[in-house]
Amino acid sequence: MINYIIRRFLYAFPLLMGVNVLTFVLFFVVNSPNDMARMQLGQKHVTEQAVTNWKQQHGYDVPLLWNSDAQRQEKITRTIFYQKSVGLFLFRFGVSDSGRNIGADIQERMWPSLALALPTLCIGLVVNISFALMMVLFRGSYLEQAGIVLCVILMSISSLFYIIGGQFFIAKLLRLVPISGYEDGVGAIRFLLLPVLIGVFSGIGSGVRWYRTLFLEEVEKDYVRTARAKGLTETQALFRHVLRNAMIPVLTGVVVILPLLFMGSLIMESFFSIPGLGSYTIDAINSQDFAIVRAMVFLGSVLYVIGLLLTDISYTLVDPRVRLS
Amino acid sequence: MSIFLCQIQAMNIPLLSVENLSVTFNHQQTVVDDISFVIYPGETFALVGESGSGKSITALSVLRLLPNNAKIKAHAISLQDDNLIKRAEFELCKIRGRRIGLIFQDPMSSLNPVMTIGSQIEEVLNIHFSLPKKTVKQRVLQLLQQVEIPEPEQRIKDYPHQLSGGQRQRVMIAIALAGQPDLLIADEPTTSLDVTIQAQILALLKIIQQQTGMALWLISHDLALVSTMADRVAVMQQGKIVETGLTKTIFNQPQHPYTCKLLKALPSMQSCLKHIPKEKPPLLQVNDFYCYYPIRKGLFKRVVDHVRAVDGVSFNIQQGKTLALVGESGCGKTTLGKSLLNLIPDGSGEVILNGINLNKLTGETLRQQRANIQIVFQDPFSSMNPRMLVGDIIAEGLRALHPKINATERKVSVAQLLQQVDLPIDSALRYPHEFSGGQRQRICIARALAVNPKLIICDEPTSALDVSVQAQIIQLLKTLQQEKGLSYLFITHDLGVVAEIADEVAVMYQGKIVEHGTVKQVLTQPEHAYTKKLLAAVPVLAID
């Protein structure tokens, strides 16, 4: 087990290196520092001097990978790759193009993201699983048929519709909660109610159908027949046997996204003006601030690798058949 | 037993009586068709029939455990005087597991994989009896002892995957016994187990039956097994019971033609006596063959040890002869068959086919040699590509190994091959799923024959098939052997089949061949202890 975890950590290094190199190529080779400077300064009427100045200010005036003018180890260290990308490995995100400390920004903005994403996930899970279990219990009946149709309808409507519709009816017409915005501390609840509700609701269609398939697959298995042959009622068999086995894929599916909850949701956060990491990324893309985008891409891949590792570990905890080696 | 039985029958109070039971699926397909039978207290009643005849459905419908799309119709299903058909679902829950216990065919899938065996047995006790916690635990241990699981205190916390197949079935039996039922339904209890384990489980069932005096309803396709276990037998064919009677009567004087057919199809160990040996040059020589699988461990997955799947095996197969390779599952017989074809990379040793050493060949030359040696796999359902037409499946080998043959000639030879295996010629334009198991195995044989091989490796080709179909396939293989002078390496665990088809037998045990000789020698005068054990475990038709 320990060996396995160590090996997985070692595997993560080449993976993250690859992500880093790939983002570097995308951001500095495809889109050269000259282009970046022009975009920042405005496409028209940009003098050569202004571009050079901008590059000097933001540290883009050195070569990409190899500095042949510099001395000894500076040949490597005085390059854009070393200065901008290697620091990411040590979680030194540096300074954004607009001059803010990215690391501090991330630390500050991940909490609103989490405050929105965690309740959405938890409430969503409870709601989806309860509905799915009910549909499995009433399988073969008209109630189930109706449920499936409802799920398909819910799935077919874009989540943007739920957001705009929710803001219009609940916030604007009924004035139950504010349309958008955020406040630190307990006051945040008032602002989070609507986005959480909409997040849960827009996930019901696909979620219920997905869990229903998982449960149906287990219900057909032989051990459920054994359970009923023991004298358990259908409901008892469902809760004591089916749920436990079906929770294995459910749980591991949830664990893998847990770390990514810090990253927030791009759409929800920008629609509801919640100052989380999702809206942070969107704003950075809009203002062409590549230092932030690069930091977020790297952070995302690190969290995903951690998520996968946690999934493997959680498998061993919930499924006695799995042993890591 | 039989004296006891006569007394009970004289009293004539059946434990379970089923009157006019019919089961239909989806309102049209009648699987069980108006059957009636009785089971007396303390007796062993066997329901025999081929797969698909509706035996398991009958058992499940008594306890109303069928899927939702099944419709049960019956005049009465009476447990003593209680008509179960009139009982509500919640009342039936008090009968399942308490009055009637059930054990199923596959103990692995029938046990909950994420619960310990202790808690699975406990569950029955908690549902049906209100016992204090301590007593429950004691009772679980007692049950595990009763089903002869060694060291029950330690095993109680084990999960099903940590037990062997036989032990899992013992746990299933313990679960069924926990409610102290009056009737135990055993649905193919030993079909997925090895023959030696089968004997142990059957012996255990007998002992428990004698201890508790419960009735045993055995459901099986294995006539030999039934003849040793049952007091009374009912033979089922396509949803109908065609014959019922005392075991002795049924097996000695079968009345119904279907029963006669089943009995005749049964491979028996007597049939080896009629083979007459002839001398021919060896076609395949295998010398000192090894196949080790590496075991990898540690941080960098170094190879620390090997699983010796095949451990120094040597044998010859004569032209036109059949060598049967016998052994329990896991003894390495399938690995040997596959690695002879170089389908598994880890083999080493000398394999000489027709004077050519196969092990030294690589690439194109090896591919060409594949024309001489073909394989028929165990499961005809998974060994064909479901999205290819049967004609294409058969012609694929021809196309790969004889590219000069053009499309029209290929079509002709596919038609010939289909004729040889007794399938209609228009089968070529159909898909594998449209055929039954036996027909599919014929297609697999045609596919192997297509490239004119000299040797066919048959890896348990009949173990997934019903008895009467099995007999047809064996007959087909024999006919083809006579017509074409084929040699077979016949891998099997069924000694009856061995006697039918083989000239020589090699008994394999833990990767080594422990005994080798003619069929007559090995089956009538076994020398190695393992062979003796294997032979003793085979159920034999109890006919006077």
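By class, the lining of the second largest pocket comprises 18 nonpolar, 12 polar and no charged residues (Ala, Val, Leu, Ile, Met, Phe, Trp, Tyr, Cys and Pro count as nonpolar, Asp, Glu, Lys and Arg as charged, and the others, Gly among them, as polar). The model is predicted: local features need pLDDT of at least 70, side-chain atom pairs count only at pLDDT 80 or more, and totals for chains, interfaces and linings use all residues. Residues are numbered from 1 along each chain as its sequence is written, chains are lettered from A and ligands numbered from 1 in the order in which they are written, and side-chain values use heavy atoms, with hydrogens and water left out.

The second largest pocket holds about 750 Å³ of space. On a 1 Å grid over the protein atoms alone, a pocket is an open set of points with protein on both sides within 12 Å along at least five of seven lines, a cavity is a set where a 1.4 Å probe fits but cannot get out, and lining residues have an atom within 4 Å of a point. Grid points are joined across faces, edges and corners, and a volume is the space filled by probe spheres set on the points. The pocket has 30 lining residues; Ala117(A), Thr120(A), Leu121(A), Gly199(A) and Ile257(A) lie nearest its centre. H9(A) gives the largest share, 10 residues. Helices H8 (159–173), H9 (188–219) and H11 (234–257) of chain A are among those supplying at least two residues each (helices are DSSP runs of H or I, at least four residues, and strands runs of E, at least two, numbered from the N terminus).

The axes of H9(A) and H11(A) come within 9 Å and cross at roughly 125° (axes are lines fitted to C-alpha atoms, for helices over the stretch in contact, and angles run from 0 to 180 degrees between N-to-C directions). The two helices are therefore oblique to each other (angles under 35 degrees count as roughly parallel, over 145 as roughly antiparallel, 65 to 115 as roughly perpendicular and the rest as oblique). Contact residues (heavy atoms within 4.5 Å) include Tyr211(A) and Phe215(A) of H9(A) and Leu238(A) and Pro249(A) of H11(A). They divide into 10 nonpolar, one polar and one charged.

The axes of H8(A) and H9(A) come within 10 Å and cross at roughly 140°. That makes H8(A) oblique to H9(A). Tyr162(A) of H8(A) and Phe201(A) of H9(A) are among the contact residues.

Cavities of 30 Å³ or more number four.
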